[in-house]
Amino acid sequence: MSKVSEITRESWILSTFPEWGTWLNEEIELEQVPANNFAMWWLGCVGLWVKTPQSANICIDLWCGRGKATKQVKDMVRGHQMANMAGVRKLQPNLRNSVGVLDPFAINEVDAIVATHYHNDHIDVNVAAAVVNNPKLDHVKFIGPQYCVDMWTKWGVPAERCVVVKPGDTVKIKDLELVALDSFDRTCLVTLPARGAEDNGGELNGICPSDEEMGLKAVNYLIKTPGGNIYHSGDSHYSIYYAKHGKDYDIDVALGSYGENPLGIQDKMTSIDILRMAECLRAKVVIPVHHDIWTNFMASTNEILELYRMRKDRLQYQFHPFIWEVGGKYVYPRDKDLIEYHHPRGFDDCFEQEPNVPFKSIL
């Protein structure tokens, strides 16, 4: 039994965080993915773990940090995307909202750490350290666009373990194939560093970005598995070019970054954008993500469901939304008809043992 004299701030932190302990790590390791299926887990923000029947494991955009933690800092750092986008200086109140469901230092089996882009909530030094410093994971590759690889190597990830991808590149991992595609993350384009900005005094005015620059900063991914294909859009905005990706690739499940944009900011897709993206991609299922993580960007997924119900018959949608919960598992195509997720409720073994009660009528 604990005693108050033995409890410290440090012991509290170590005994409480991450909030799920190793529960999800163990669940992923134990999962036996059926043939012609894939399993995936939402890790918070746009973090995703994908596992295949041959136990290919990839972890995309896992972020284990926190948002703002003090009011002592008043202004944003120079070059921040929101400061550049809207000319703001006051620190945005983006406190982390969702819990940490995966312990990066308890990862025992993974084949690749993958990043869509280099924003802080999509690439994590803690995850990199946990993998690089674990001798059981010395085979793991770090896969991402050039700016992500630059960040990993600055942190100390060996260059030979990094794989730079740009749109059109493919990486084969067991029975899974990762295809890098064009990103539409226009917020990333207005984030420093950017080519030419340093010679321009850090100013982006007058510097024209290019498709090449976007490919160095961010990519979307198509994840081909024996059970179907996943489209991970990173932090991409809505783009009509989704229709091109929908024509070029068979897409079963698409993930889109959804959120309620604060005044003067255009950073996340809206509810209508999520539906339009799914239609363009010709997906079968669309899943909104990212709306969970920041207190100042939180949005109701009911809005997506209501808009879908208003439009699906008139526009003859061939897809449906799936509303997920952080830490939840989704197996495709087994779960393809689900609309809303609920964590396992337990108690399925009720009355397999005699209740320990004074009399049955109390029940």
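**View 1. The lining of the second largest pocket divides into 16 nonpolar, 5 polar and 6 charged residues.** In this grouping Ala, Val, Leu, Ile, Met, Phe, Trp, Tyr, Cys and Pro count as nonpolar, Asp, Glu, Lys and Arg as charged, and the others, Gly among them, as polar. The model is predicted, so that local features need pLDDT of at least 70 and side-chain atom pairs count only at pLDDT 80 or more, whereas totals for chains, interfaces and linings use all residues. Residues are numbered from 1 along each chain as its sequence is written, and side-chain values use heavy atoms, with hydrogens and water left out. The second largest pocket holds about 800 Å³ of space, and of its 27 lining residues Phe17, Glu19, Cys64, Gly65 and Arg66 lie nearest its centre. Helix α1 (residues 9-16) gives the most to this lining, with 4 residues. A pocket is an open set of points on a 1 Å grid over the protein atoms alone, with protein on both sides within 12 Å along at least five of seven lines, while a cavity is a set where a 1.4 Å probe fits but cannot get out; lining residues have an atom within 4 Å of a point. Grid points are joined across faces, edges and corners, and a volume is the space filled by probe spheres set on the points.

**View 2. The largest pocket contains about 930 Å³ of space.** Its lining comprises 41 residues, and the closest to the centre are His80, Gln81, His119, Asn120 and Asp121. Helices α3 (81-86), α4 (125-132) and α5 (146-155) each supply at least two residues of this lining, and the largest share, 5 residues, comes from α5. Helices (H or I, at least four residues) and strands (E, at least two) are DSSP runs, numbered from the N terminus. By residue class, the lining of the largest pocket divides into 16 nonpolar, 14 polar and 11 charged.

**View 3. The structure holds 2 cavities of 30 Å³ or more.** The largest cavity has about 70 Å³ of space, and its lining includes Asn25, Ile28, Glu29, Trp49 and Lys51. Both α2 (23-30) and β2 supply at least two residues of the lining of the largest cavity, with α2 giving the largest share, 3 residues. In the second largest cavity, with about 50 Å³ of space, the lining residues include Asp61, His122, Asp124 and Trp152, and this lining divides into 7 nonpolar, 1 polar and 2 charged residues.

**View 4. Strand β1 (residues 38-44) is mostly covered, 7 of its 7 residues being buried.** Buried here means under 20% relative accessible area, with exposed set at over 50% and partly exposed in between (1.4 Å probe, protein chains only). Strand β1 is joined to strand β14 (residues 329-332) by 4 bridges in an antiparallel arrangement, in which methionine 40 stands opposite tyrosine 330. Strands β1 and β2 (residues 47-51) also pair in the antiparallel sense, over 5 bridges, and here alanine 39 stands opposite lysine 51. Two strands pair if DSSP finds at least two bridges between them. The hairpin formed by β1 and β2 has 2 residues between the strands, and cysteine 45 in the turn has a positive phi of about 55°.

**View 5. Ring pairs link Phe38, Trp42, Phe322, Trp324, Tyr330 and Tyr332 into a cluster.** Rings of Phe, Tyr and Trp (its six-membered ring) pair if their centres lie within 6.5 Å, and planes under 30 degrees apart count as stacked, over 60 as edge-to-face and the rest as tilted. By this rule the count comes to 17 aromatic pairs. Phenylalanine 38 and tyrosine 332 form a stacked pair, at 5.6 Å centre to centre with 20° between the planes, and this pair links strand β1 to strand β14 across 294 residues. Phenylalanine 38 counts as buried because its relative accessibility is 0%, and tyrosine 332 is likewise buried, with a relative accessible area of 5%. Phenylalanine 184 and tyrosine 242 form an edge-to-face pair, at 5.0 Å centre to centre with 80° between the planes.

**View 6. An open sheet of 7 strands runs in the order β7-β8-β9-β10-β11-β12-β13, with mixed pairing.** Strands β7 (170-173) and β13 (320-321) stand at the edges with a single partner strand each, so one side of each is left without a neighbour in the sheet. Strands β11 (residues 253-257) and β12 (residues 285-289) run parallel and are joined by 5 bridges, with isoleucine 287 in β12 as the bridge partner of leucine 255.
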